[in-house]
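I opened this notebook to keep track of what I looked up, one topic per entry.

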Amino acid sequence: MASGSDPYIFTSNTLPPDPRFLPPLANGLLGWRVYNNVMHMGSVYSGEGGACHRADVPCPLSVTMEMEEPMQQTYSLDTHTGVFTHTLSTAIATATQSFYAHRYFSNLMVMEVRIERQAATKEQVTVNLSSSFTPQSKDIVFQSAPDYRGGRHIQGQTNASEIPGGPRPTVDLIWTHMPPSLTLLPEQSQSRWGYLLALGNTTESAEASFDEGLSLMASGDLRDSHQQAWKELWLESTVELVGSETLSKAVIGCLFYLLSAFPPLHDVSGLFGGVSPGGLSNGGDGQDYWGHVFWDQDIWMYPAIALFYPRLARAVLEYRVRTVDGAKDNAQKQGYKGLKFPWESAVSGREVCPEDIYGQQEIHINGDVSLAFQHYLYLTRDLSLFTEGQGSEVIWGVADYWVSRVTWNQKDQSYHLLGVMPPDEYYYNINDSVYTNTVAKSSLQFAVELANLLQYPAPKEWQKVADHMKIPFDQKYKYHPEYDGYIKGDPVKQADAVMLGYPLGLPMTPEVRRNDLEVYEAVTDPDGPAMTWGIFAVGWLELGEAERAQKLLEKSFDNIQGPFQVWSESSDGSGAVNFLTGMGGFLQAVLFGYTGFRIQQERLAFKPLLPNDISELCIRGVSYLGNKMDWLLRKDEVCIILREQSTSAEESTACALQVVLQGSGEKIPLIPGKPVTFPREAGHLSQLDSTFSCWPL
């Protein structure tokens with residue numbers, strides 16, 4: 001990227017040689033990798049149990065554009081607007097082909113072509129369109145349906161349901177016919193063509209979406225409404241920094257692709273199907289974890305979204321609420337009470353992992369889900385999710401599971417979790433994974449806290465198990481062994497015990513925190529999954545070692561595949577793409593590392609620190625207790641601007657806030673529209689008047 005160019009626009013004269021790294025376009029419902037003849041639709045899976053995978057849907061927009069004359073060409077992804085463009089230029093004309101997954105009307109995808117004459121000639125200009133589309137899928141048996149308003153129409157049902165006797169989703173596609181070529185006539189200076197694709201789970205929904213698209217096209221508002229929706233997203237939040245162009249571009253790419261995986265802000269009530277490691281554009285049979293939802297969603301992707309977009313955060317949690325029946329069934333099949341969220345989840349919430357050992361042993365997923373709910377409550381104080389939204393059923397069901405899953409040891413007077421797999425999947429059937437036990441303890445404590453808040457009679461066992469949960473610790477070396485019997489120096493796959501400090505917030509001394517980081521940094525697989533180094537960076541920033549943190553964070557750059565900032569799971573380009581999990585870990589290093597943000601029960605703590613090559617970090621749109629704030633971090637000072645309150649229902653119960661500085665104890669009230677600047681030091685945001693209740697009981 002040339003210096004001074006727009007970091008939001010990724011441009012190249014060539015496409016990546018590996019088609020996996022073509023840019024994905026998605027909108028929370030539809031996902032497609034440009035030029036691919038296959039796309040996916042949220043919550044549409046085919047296959048039973050471990051064979052369950054995202055159903056391949058044929059994509060009529062798999063069209064390339066060519067001209068016979070000598071030409072120059074560029075490919076561009078504009079993350080301001082979510083539009084991918086291919087431009088061909090000759091001496092006499094420029095042809096531009098654009099694709100986008102509509103950000104507002106999420107059942108629509110669009111291709112547009114424009115030919116514009118560049119020279120004062122009267123020649124006819126022709127552009128050829130080459131399609132790889134066939135109306136067939138190995139996962140869905142499609143049949144032709146009558147054309148609708150000039151659009152071709154096919155409909156079908158997936159081959160197999162996720163669970164025996166369960167529903168098989170249906171898919172309807174309606175699209176405008178595309179000719180093999182387009183011509184700019186001699187008397188024309190320019191001309192435009194638009195092509196719609198509408199998908200729905202019923203004929204009625206596909207037709208309604210196609211109608212909407214035709215209407216918007218006729219009024220000239222089709223692209224405008226899409227771009228306006230992206231503009232509103234970026235107005236809600238941006239993360240921009242001064243110093244490193246590479247880092248700036250990476251942050252923007254991560255935010256863009258993560259946001260693309262979530263539904264539109266105006267409509268999060270639909271049946272959002274969760275976020276899988278490779279996003280909606282990937283996840284077919286045997287590819288990118290089959291499009292399943294893992295802990296990746298709740299621990300790695302969710303925090304960056306929750307910090308800015310409460311409505312999108314709630315959509316993640318509501319996905320888990322909808323899968324409670326499946327989680328209950330999983331627990332019963334294992335012989336336990338409560339809820340056991342699946343290691344790999346699709347629609348039903350029943351385990352769909354192809355290999356039983358993960359579903360049986362990687363039980364930390366339960367605590368990961370609970371932690372996401374906990375942070376949502378602390379950031380929003382939205383109790384409605386836990387009352388009429390049934391979130392309390394999730395929290396208490398998880399607590400019941402832990403109580404039934406632990407084993408009491410009379411000798412050491414502790415509860416143990418036996419026969420588990422930690423986040424570090426190099427090891428299995430081990431006892432007392434330090435991460436698993438810590439996240440279980442935390443979720444039990446939160447269950448008690450929520451029960452007190454809602455005046456629910458919490459079983460005494462919840463607190464008892466939490467108080468006596470075994471947390472492995474090596475007194476000699478002053479660090480946390482990854483599990484009972486872990487030998488210091490053994491290799492690990494990924495971030496595991498280093499996550500105790502962040503995001504789990506286990507209290508420990510700086511000495512122990514440092515020891516954990518040093519022990520595991522030395523033995524972590526350099527070819528492990530991409531999210532790991534972001535967590536190490538957060539830890540070192542916490543200890544004040546910004547340059548050491550930065551060197552580790554920069555390892556993530558090896559996972560970014562040019563030119564469109566598409567992430568691979570491993571640094572050699574292998575593994576899942578577009579790896580949203582890695583992006584989530586990377587963003588957390590920026591959003592929770594440089595800022596030191598920690599989400600706590602009564603406060604949003606901060607402890608800013610920037611590395612030498614970053615002179616300024618601007619984080620706009622942090623959402624806390626119904627308020628929106630913009631943060632500007634410089635080397636020696638911090639500036640916070642509380643945005644003027646809107647009249648939206650979301651902000652109607654906003655709490656007055658104050659900044660409390662740790663060193664001086666100074667308390668500074670935040671006044672909407674008035675910047676507050678103070679020296680860079682640790683502190684926290686809290687409610688201005690602690691006697692005023694923001695809990696909407």
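**Entry 1: cis peptide bonds**

I started in the loop between α11 (460-467) and α12 (510-521), where proline 503 is found. I kept in mind throughout that I was reading a predicted model. The peptide bond that leads from tyrosine 502 into proline 503 is cis, and its omega is near 10°. I then turned to glycine 562 and proline 563, which are likewise joined by a cis peptide bond, with omega about 0°. Proline 563 belongs to the loop between β22 (560-561) and β23 (566-567).

**Entry 2: positive phi at two arginines**

I next looked up arginine 149, which sits in the loop between β14 (140-148) and β15 (151-158). Its phi is near 50°, a positive value in a residue other than glycine. Is arginine 149 buried or exposed? Its relative accessibility is 54%, and because the cut-off for exposed is over 50%, arginine 149 counts as exposed.

Arginine 381 lies in the loop between α8 (365-380) and α9 (391-405), and for this residue, again not a glycine, I noted a positive phi near 55°.

**Entry 3: α3 against α15**

For this pair I wanted the angle and the distance, since two packed helices are described by the angle between their axes and the distance between the axes. The axes of α3 (residues 245-260) and α15 (residues 580-594) come within 9 Å and cross at roughly 120°. That angle makes α3 oblique to α15, and I recorded the crossing as left-handed.

I then listed the residues that meet: Leu247, Ala250, Val251, Gly253, Cys254, Leu255, Tyr257 and Leu258 on the α3 side, with Leu580, Met583, Gly584, Phe586, Leu587, Val590 and Tyr594 on the α15 side. Sorted by class, the contact of α3 with α15 has 13 nonpolar residues, two polar ones and no charged ones.

Helix α4 (residues 295-306) packs with helix α5 (residues 310-322) at an angle of about 150°, the axes being 8 Å apart. Angles over 145 degrees count as roughly antiparallel, which is why I describe α4 as roughly antiparallel to α5. In this contact, Gln297, Asp298, Tyr302, Ile305 and Ala306 of α4 meet Leu312, Ala313, Val316, Leu317, Tyr319 and Arg320 of α5. I sorted these by class into eight nonpolar, one polar and two charged residues.

I followed the chain into the loop between α5 and α6 (324-334), where threonine 323 is found. Threonine 323 is buried, with a relative accessible area of 0%. Leaving out residues up to four places away in sequence, I found that threonine 323 touches Phe341, Ser345, Val347, Ser348 and Gly349.

**Entry 4: nonpolar cores**

Which residues touch the most other members of the largest nonpolar core? Within its 208 residues, I wrote down Phe386, Tyr520, Met629 and Trp631.

Definitions and conventions
Residues numbered from 1 in each chain as written. Predicted model: local features only at pLDDT ≥ 70, side-chain atom pairs only at ≥ 80, totals over all residues. Heavy atoms only, no water. Axes fitted to C-alpha atoms, helices over the stretch in contact; angles between N-to-C directions. Helix = DSSP H or I, 4+ residues; strand = E, 2+ residues; numbered from the N terminus. Parallel < 35°, antiparallel > 145°, perpendicular 65-115°, else oblique. Left-handed = near helix turned anticlockwise from the far one by under 90°. Contact = heavy atoms within 4.5 Å. Nonpolar A, V, L, I, M, F, W, Y, C, P; charged D, E, K, R; others polar. Buried < 20%, exposed > 50% of the residue type's maximum accessible area, 1.4 Å probe, protein only. Core = buried A, V, L, I, M, F, W, Y, C linked by side-chain atoms within 4.5 Å.
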